[in-house]
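Please examine the model shown below before reading the briefing. The points that follow are grouped by topic.

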Amino acid sequence: MPEICAKSILRVRPRIDSWFVSRMNLNLYRGCAHDCVYCDGRSERYRAPEDFAGAVEVKTNALAVLRREFARQFGDEHLQQELFWGTDSGLNGGDRQAGGVPPPDIPLEGRRSKRSGFLTLGGGVSDQYQPLEAQYRLARGVLGLCLEWQIPVHLLTKSALALRDLDLLGAINQESRTVVSVSLTTVDEAIARLVEPGAASPAARLDVLRRCSAAGIPTGVFLLPLLPGITDQPEMIRETVRAAAAAGASFVQMGGLTLKPGRQMAHYLATIARPFPAAHALTRELYAQANEHGIPLTDAAWDRWERMHAAWLQATQEFGVARRMPRAVFETVLDPADCADVVRIQEQDVNVYPA
Ligand code: SF4
């Protein structure tokens with residue numbers, strides 16, 4: 001398995017992201033063995049390995065780098081001294097590279113408040129709990145650092161391996177707040193096996209929600225991407241929302257399929273052609289015009305979006321789940337200005353395609 005050294009791990013956005021209520025995210029792996037046919041991570045812009053699911057790269061120095069980045073973001077005089085003089089014992093076997101070399105850009109002013117949203121662990125380009133995590137335990141190490149630094153965490157995954165770390169997720173929830181979300185495009189097991197061959201089954205993902213909810217951790221579902229002609233039928237949307245609510249999800253947020261021209265679109269169309277020929281033809285038609293973000297621009301695509309949207313609105317109302325992460329879940333992790341911003345965006349944005 002390719003092991004690589006990362007120069008940086010933490011990505012910090014200038015503005016809060018209202019979907020994940022987050023400014024920070026990270027990826028411990030490049031590529032993803034879950035191998036979802038629609039994965040945006042295949043797009044050329046992310047520099048993923050050519051064999052996206054089969055040759056996943058592991059950032060083995062991630063924890064040592066992240067520890068330094070947390071010091072830089074949040075400020076810790078003691079730790080900065082340690083890093084400066086090379087006395088940091090580090091994690092993951094230690095990181096002595098900083099020894100004796102002054103850290104170049106640790107700001108002494110303008111440090112970020114820990115009340116600046118969740119650290120998102122997960123996202124569209126690699127799942128932090130994909131199978132290699134059982135061996136490398138990097139996500140567990142990140143949770144340990146978040147507990148130490150009292151940083152709230154929003155975990156998004158398609159893996160049941162996250163339950164291994166329920167102890168840390170619960171401890172962070174007590175200290176600063178954890179949210180655990182799973183993404184689902186359907187709860188139909190047969191379809192999921194075809195479109196998400198390496199991920200945990202929908203039933204196993206729902207069990208993650210159940211167990212986290214039972215541990216007092218707020219949970220949610222990202223109902224996305226809804227796949228044209230495969231998982232976007234109103235009755236299928238209703239069934240997934242019903243199952244999410246029954247598993248304890250406090251919110252179900254939906255999103256459409258984005259297909260960036262190039263590797264992502266080519267892989268998706270080639271993979272669904274045989275098992276879903278009608279959906280293949282439909283998708284070609286809907287995405288005949290798409291922008292650089294992969295958002296379809298055809299009228300037919302928007303008509304379809306409106307139908308999906310209406311089905312989701314109806315189902316969330318029927319089963320009593322919020323459509324975005326509820327304010328009560330995130331208000332303690334934001335300063336008042338950011339909190340007001342997120343609430344305002346949530347109210348305005350009726351959840352169109354992610355840009
Ligand atoms: S789990 Fe997420 S990152 Fe992994 S292949 Fe699926 S969509 Fe991509």
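The residues of the shell around the ligand divide into 6 nonpolar, 4 polar and 3 charged. In total, 13 residues surround the ligand, and the closest are Cys32, His34, Cys36, Cys39 and Ser126. The model described here is a predicted one.

**Overall composition**

- The protein contains 13 helices and 10 strands.
- Of its 355 residues, 55% are buried.
- Among the contacts with a separation of 6 or more, 77% are between residues 24 or more positions apart.

**Salt bridges**

- Side chains of opposite charge can pair when their charged atoms come close.
- The structure holds 18 salt bridges.
- One of them joins Arg23 and Asp338, whose closest N and O atoms are 3.1 Å apart. Because Arg23 belongs to strand 3 (residues 22-26) and Asp338 to helix 13 (residues 336-348), this pair ties together parts that are 315 residues apart in sequence. Arg23 and Asp338 are both buried.
- A salt bridge also links Arg42 with Asp35, with a distance of 2.5 Å from N to O. Arg42 has 4% relative accessibility and therefore counts as buried. Asp35 has 26% relative accessibility and therefore counts as partly exposed.
- Arg304 pairs with Asp232 in a salt bridge, and here the closest N and O atoms are 2.7 Å apart. Arg304 is located in helix 11 (residues 299-319), while Asp232 is in the loop between strand 9 (219-226) and helix 8 (234-246), so the pair ties together parts that are 72 residues apart in sequence. With a relative accessibility of 5%, Asp232 counts as buried.
- A network of salt bridges links Glu133, Arg140, Arg164, Asp165 and Asp167.

**Packing of helix 9 and helix 10**

- Two packed helices are described by the angle between their axes and the distance between the axes.
- The axes of helix 9 (residues 263-272) and helix 10 (residues 277-286) cross at roughly 150 degrees and come within 8 Å. Angles over 145 degrees count as roughly antiparallel, and helix 9 is therefore roughly antiparallel to helix 10.

**Backbone features**

- Which two residues does a cis peptide bond join? The residues are Leu224 and Pro225, and omega is about -10 degrees. Pro225 is placed in strand 9.
- Arg137 has a phi near 55 degrees, which is a positive value in a residue other than glycine. Arg137 is found in the loop between helix 3 (133-136) and helix 4 (138-149). At 40% relative accessibility, Arg137 counts as partly exposed.
- Gln150 likewise has a positive phi, near 55 degrees, in a residue other than glycine. The loop between helix 4 and strand 7 (153-157) holds Gln150. Its relative accessibility is 41%, so Gln150 counts as partly exposed.

Key. Residues are numbered from 1 along each chain as its sequence is written. This is a predicted model: local features need pLDDT of at least 70, side-chain atom pairs count only at pLDDT 80 or more; totals for chains, interfaces and linings use all residues. Side-chain values use heavy atoms; hydrogens and water are left out. Axes are lines fitted to C-alpha atoms, for helices over the stretch in contact, and angles run from 0 to 180 degrees between N-to-C directions. Helices (H or I, at least four residues) and strands (E, at least two) are DSSP runs, numbered from the N terminus. Angles under 35 degrees count as roughly parallel, over 145 as roughly antiparallel, 65 to 115 as roughly perpendicular and the rest as oblique. A residue is near a molecule or strand if one of its heavy atoms lies within 4 Å of it. Ala, Val, Leu, Ile, Met, Phe, Trp, Tyr, Cys and Pro count as nonpolar, Asp, Glu, Lys and Arg as charged, and the others, Gly among them, as polar. A salt bridge is a side-chain nitrogen of Lys or Arg within 4 Å of a carboxyl oxygen of Asp or Glu. Buried means under 20% relative accessible area, exposed over 50%, partly exposed in between (1.4 Å probe, protein chains only). Contact means heavy atoms within 4.5 Å.
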